[in-house]
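Let's walk through this model together, starting with a helix pair and then moving to the nonpolar cores.

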Amino acid sequence: MSNTNKPDSFDRNHIVLLAVHNTLRRSLHQSIINCDKTYVPDKKTLRNFLGFVDAAMQHLHNHHTNEDVIYFPVLAQHGIKIDHLDADHHALIPKMKEIDAVVKVDKRAFDNLEYNTFDFVSLKTNLEKLRDILLPHLDQEEREHAPDILRASGMSAQELDNVLGGIVKAEQKLDPTISLPIIYYHLDEKEIKEFWEPTIPAVVRVGLFSMFACWNSGFWEFSYAKAKKP
Ligand SMILES: [Fe+2]
Ligand SMILES: [Fe+2]
């Protein structure tokens, strides 16, 4: 951390990276532990659970798109190797497609879905396979893109600020009733203070967020902040 109270662009980038990665870790963990008839006891709850898992998958997909299109090209320009991380993103696509095939198809055909025969076991297995690739990948990015490594690469603070600005802009094009709650409900208190508050404009945080979160409120009952399960 720099000597001033305010983190510099490199430390700030790392704060954002860790907070967002934690939302990916926790939303996937919540999807896995709740994928069971015990926590999804009826058809109405299943609709919300499928919505939650779909939101977690969209969040992961958007994070990788932002890395591929906005962040990684800047790292590559400064000699930081990204090929192996890019390969992980590609390896995750078929796993995500298998999950989407259950979650999105069943969401669309929900009225005809039979609760009693819903295959929780194979959905959970696919989520676990995704986790086995994703968790080491997130750890590796955090190690390989640490502030001192980016500083030493010759990247400027302005370039890094532009990356964050570009990602915020891309996120603003997403559906805020999904993209904001899936982040907020998977942050801890420290991350809300250090990442959410400086990044999300006050008008959204204070004025609009509760309305956005209300829209699919049943989804978020499975979230890290609300479910309170280990
Ligand atoms: Fe990644
Ligand atoms: Fe990442």
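Start where two helices touch: Ser9, Phe10, Asn13 and Val16 in α1 meet Ala157, Leu160, Asp161 and Leu164 in α6. Contact here means C-beta atoms, placed from the backbone, within 7 Å, and helices are DSSP runs (H or I, at least four residues) numbered from the N terminus. By class, this contact has five nonpolar, two polar and one charged residues.

A word on the source: this is a predicted model, in which local features need pLDDT of at least 70 and side-chain atom pairs count only at pLDDT 80 or more, while totals for chains, interfaces and linings use all residues. Residues are numbered from 1 along each chain as its sequence is written.

Now for the geometry of that pair. The axes of α1 (residues 9–34) and α6 (residues 157–172), lines fitted to C-alpha atoms over the stretch in contact, come within 9 Å and cross at roughly 30°. The two helices therefore count as roughly parallel, the term for angles under 35 degrees.

Next, look inside. The largest nonpolar core has 33 residues, and Phe52, Val53, Ala56 and Ile99 touch the most other members. Such a core is a set of buried Ala, Val, Leu, Ile, Met, Phe, Trp, Tyr and Cys residues joined through C-beta atoms within 7 Å; buried means 20 or more other C-beta atoms within 10 Å of a residue's own. Helix α2 (43–77) is among the helices that each supply at least two residues, and its eight residues are the largest share. A second, separate core of eight residues includes Tyr71, Leu150, Leu160 and Ile167.

Methods:
Chains lettered and ligands numbered in written order. Axes fitted to C-alpha atoms, helices over the stretch in contact; angles between N-to-C directions. Parallel < 35°, antiparallel > 145°, perpendicular 65-115°, else oblique. Nonpolar A, V, L, I, M, F, W, Y, C, P; charged D, E, K, R; others polar. Buried ≥ 20, exposed ≤ 12 C-beta atoms within 10 Å, placed from the backbone.
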